[in-house]
Amino acid sequence: MTERVYNVLFLCTGNTARSILAEGILRKDGAGRFNAFSAGSHPKGVVNPYALKTLEAYDYPTEGFRSKSWEEFAGPDAPVMDFVFTVCDNAAGEACPVWPGHPMTAHWGIEDPAAVEGSDMEKQKAFNLAFRYMKTRISLLLATPIRRLDKLALSNRLREIGEAEGASHGHKAETQS
């Protein structure tokens with residue numbers, strides 16, 4: 001019996017940094033088990049170069065990323081998502097589209113590395129930290145026995161993952177089915 005492949009959408013406001021990091025990490029670490037996507041509520045239209053530089057430095061894919069609207073994933077031709085994770089506090093507080101298939105959702109907020117001002121080294125340090133926090137969350141997701149948990153237990157687990165080290169506290173984490 002072949003293992004089911006789950007579709008995961010990471011959402012942020014601009015779809016330039018955190019959601020891109022998450023998509024890149026899951027694309028590689030979850031290959032064969034998960035399809036990773038990212039989008040923004042108000043996409044900036046360009047991927048932050050530090051996000052790509054960070055992915056490359058950790059030997060993760062950097063090809064094919066683009067800043068896009070979450071509306072691309074709400075239409076009838078879009079892949080049906082199994083999980084939708086907000087990775088910034090602004091996106092978590094916005095009214096999301098109605099997702100086909102009613103995916104499980106959770107807030108996995110991390111401070112915005114793109115908001116860090118200062119030297120290139122300080123900016124890169126912020127992206128490295130965001131990468132580490134996101135990689136931890138994705139590792140916890142990959143270790144979760146999704147098929148063996150009932151919906152409530154899985155929902156609780158997804159919310160707990162969002163509270164892992166580095167969680168931003170601008171929005172109370174909520175999980176809904």
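**Reading the sheet and helices of a predicted model**

Mentor: Helix α1 (residues 18-29) lies across β1 and β2 and runs at about 170° to β2. This is a predicted model, in which local features need pLDDT of at least 70 and side-chain atom pairs count only at pLDDT 80 or more, while totals for chains, interfaces and linings use all residues. Residues are numbered from 1 along each chain as its sequence is written, and side-chain values use heavy atoms, with hydrogens and water left out.

Trainee: What is the order of the strands in the open sheet?

Mentor: Helices (H or I, at least four residues) and strands (E, at least two) are DSSP runs, numbered from the N terminus. Two strands pair if DSSP finds at least two bridges between them. Here four strands form an open sheet in the order β2-β1-β3-β4, with parallel pairing. Its edge strands, each pairing on one side only, are β2 (34-40) and β4 (104-107). Strand β1 (residues 6-12) is joined to β2 by seven bridges, and Leu9 stands opposite Phe37 in β2.

Trainee: Which helix lies across β3 and β4?

Mentor: Contact means heavy atoms within 4.5 Å. Axes are lines fitted to C-alpha atoms, for helices over the stretch in contact, and angles run from 0 to 180 degrees between N-to-C directions. Helix α5 (residues 151-162) lies across β3 (83-86) and β4, at about 25° to β4.

Trainee: How do the axes of α1 and α4 cross?

Mentor: Angles under 35 degrees count as roughly parallel, over 145 as roughly antiparallel, 65 to 115 as roughly perpendicular and the rest as oblique. The axes of α1 and helix α4 (residues 120-143) come within 9 Å and cross at roughly 45°; the two helices are therefore oblique to each other. Their contact includes Leu21 and Ile25 of α1 and Phe131 and Met134 of α4. By class, the contact has ten nonpolar, no polar and three charged residues, where Ala, Val, Leu, Ile, Met, Phe, Trp, Tyr, Cys and Pro count as nonpolar, Asp, Glu, Lys and Arg as charged, and the others, Gly among them, as polar.

Trainee: How many aromatic pairs does the whole structure hold?

Mentor: Rings of Phe, Tyr and Trp (its six-membered ring) pair if their centres lie within 6.5 Å; planes under 30 degrees apart count as stacked, over 60 as edge-to-face and the rest as tilted. The search finds ten such pairs. One of them, Tyr50 with Phe127, is stacked, at 5.7 Å centre to centre and 25° between the planes. Tyr50 lies in helix α2 (residues 49-57) and Phe127 in helix α4, so the pair ties together parts 77 residues apart in sequence.
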